Number of protein chains: 2
Amino acid sequence: MNEALKQAKIAFDEGEIPVGAVVVSKNRIIGRAYNQTERLNDVTAHAEMLAITAAANSLGAKYLIDCRLYVTLEPCPMCAGALYWSQIGEVYFGASDPKRGFRQSNPSMLHPKTQVFSGVLKEEAEKLVLEFFRKLRE
Amino acid sequence: MNEALKQAKIAFDEGEIPVGAVVVSKNRIIGRAYNQTERLNDVTAHAEMLAITAAANSLGAKYLIDCRLYVTLEPCPMCAGALYWSQIGEVYFGASDPKRGFRQSNPSMLHPKTQVFSGVLKEEAEKLVLEFFRKLRE
């Protein structure tokens with residue numbers, strides 16, 4: 001999750017909503033990304049989406065069954081839908097997103113085989129997002 | 001929708017689940033794509049996702065407020081989540097997807113301002129998908 005937080009900080013510095021994600025396979029990082037919706041002018045360019053694509057490229061396979069995703073913020077329904085298709089083994093997220101998190105839409109959106117863990121380094125992830133929106137309002 | 005069906009047929013010929021999508025702005029096609037999850041080894045490469053990205057590139061803007069999406073099959077939750085973020089004006093889909101369609105997950109996943117129309121050239125779209133899975137089983 002520390003690596004995901006590093007990615008989120010890059011997003012912060014680039015004026016993007018600060019979310020970072022990392023995909024790990026056999027204790028090796030095979031995908032890392034930060035939110036780039038502004039830079040790419042593309043609503044689909046969330047950290048999780050980019051990390052999933054990078055990981056699949058790295059594996060040469062589209063399913064991430066034995067992988068873990070670390071993401072600093074609870075995934076939105078789009079990203080949860082992508083994680084469903086990937087059949088990823090485990091998802092760890094930091095801060096909850098009570099407005100746009102997938103659990104608001106449908107808490108069982110992920111694949112039935114995917115295990116979910118929440119609240120990992122939650123304070124650091126939350127602090128980044130709150131700081132981002134505080135600066136935006138200034 | 002005829003253009004979306006053409007895209008779906010390309011997918012069919014390439015051994016992809018045959019789904020095609022087109023984004024229209026002011027009666028001009030600004031994004032067209034077909035499902036490429038196999039070719040790209042990427043679960044996120046659904047027709048709708050690629051068409052949304054292409055349309056945003058064409059507009060130079062990430063929101064598709066005045067646009068219409070035509071897609072041959074009911075979008076899955078991932079694609080519905082992306083359409084939500086895009087704030088697209090109208091979504092037209094052909095065949096329903098009772099297993100993986102977004103309406104099974106949460107019927108109000110799209111943006112509240114997005115209008116949805118279903119069943120457009122439904123028979124042609126269904127025929128393609130059924131034919132694809134019939135061939136796969138042979």
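**Entry 1: contacts of A:Glu48.** I looked up what A:Glu48 touches beyond its neighbours within four places in sequence, and found A:Val19, A:Ala21, A:Leu69, A:Val71, A:Leu73, A:Pro75, A:Cys76 and A:Cys79. Contact here means heavy atoms within 4.5 Å. A:Glu48 sits in helix H2 of chain A, residues 47–59; helices (H or I, at least four residues) and strands (E, at least two) are DSSP runs, numbered from the N terminus. I noted A:Glu48 as buried because its relative accessibility is 4%. The cut-offs are under 20% relative accessible area for buried, over 50% for exposed and in between for partly exposed, using a 1.4 Å probe and protein chains only. UniProt, in an unreviewed entry, lists A:Glu48 under "active site"; its positions are given in the numbering used here, feature names are shortened, and annotations may be inferred rather than shown by experiment.

**Entry 2: ground rules.** I reminded myself that this is a predicted model, where local features need pLDDT of at least 70, side-chain atom pairs count only at pLDDT 80 or more, and totals for chains, interfaces and linings use all residues. Residues are numbered from 1 along each chain as its sequence is written, chains are lettered from A and ligands numbered from 1 in the order in which they are written, and side-chain values use heavy atoms, with hydrogens and water left out.

**Entry 3: aromatic pairs.** I found ten aromatic pairs over all chains. Rings of Phe, Tyr and Trp (its six-membered ring) pair if their centres lie within 6.5 Å; planes under 30 degrees apart count as stacked, over 60 as edge-to-face and the rest as tilted. One of the pairs is A:Tyr84 with A:Trp85, edge-to-face at 5.3 Å centre to centre and 75 degrees between the planes. A:Tyr84 is buried at 17%, while A:Trp85 is partly exposed at 23%. I also looked at A:Tyr92 and A:Phe117, which are stacked, 4.6 Å centre to centre with 15 degrees between the planes. A:Tyr92 belongs to strand E4 (residues 90–95) and A:Phe117 to strand E5 (residues 115–118), both of chain A, so this pair ties together parts 25 residues apart in sequence.

**Entry 4: a helix pair in chain B.** Which residues meet where H2(B) and H3(B) pack? I found B:Glu48, B:Met49 and B:Ile52 of H2(B) against B:Met78, B:Cys79, B:Ala82 and B:Leu83 of H3(B).
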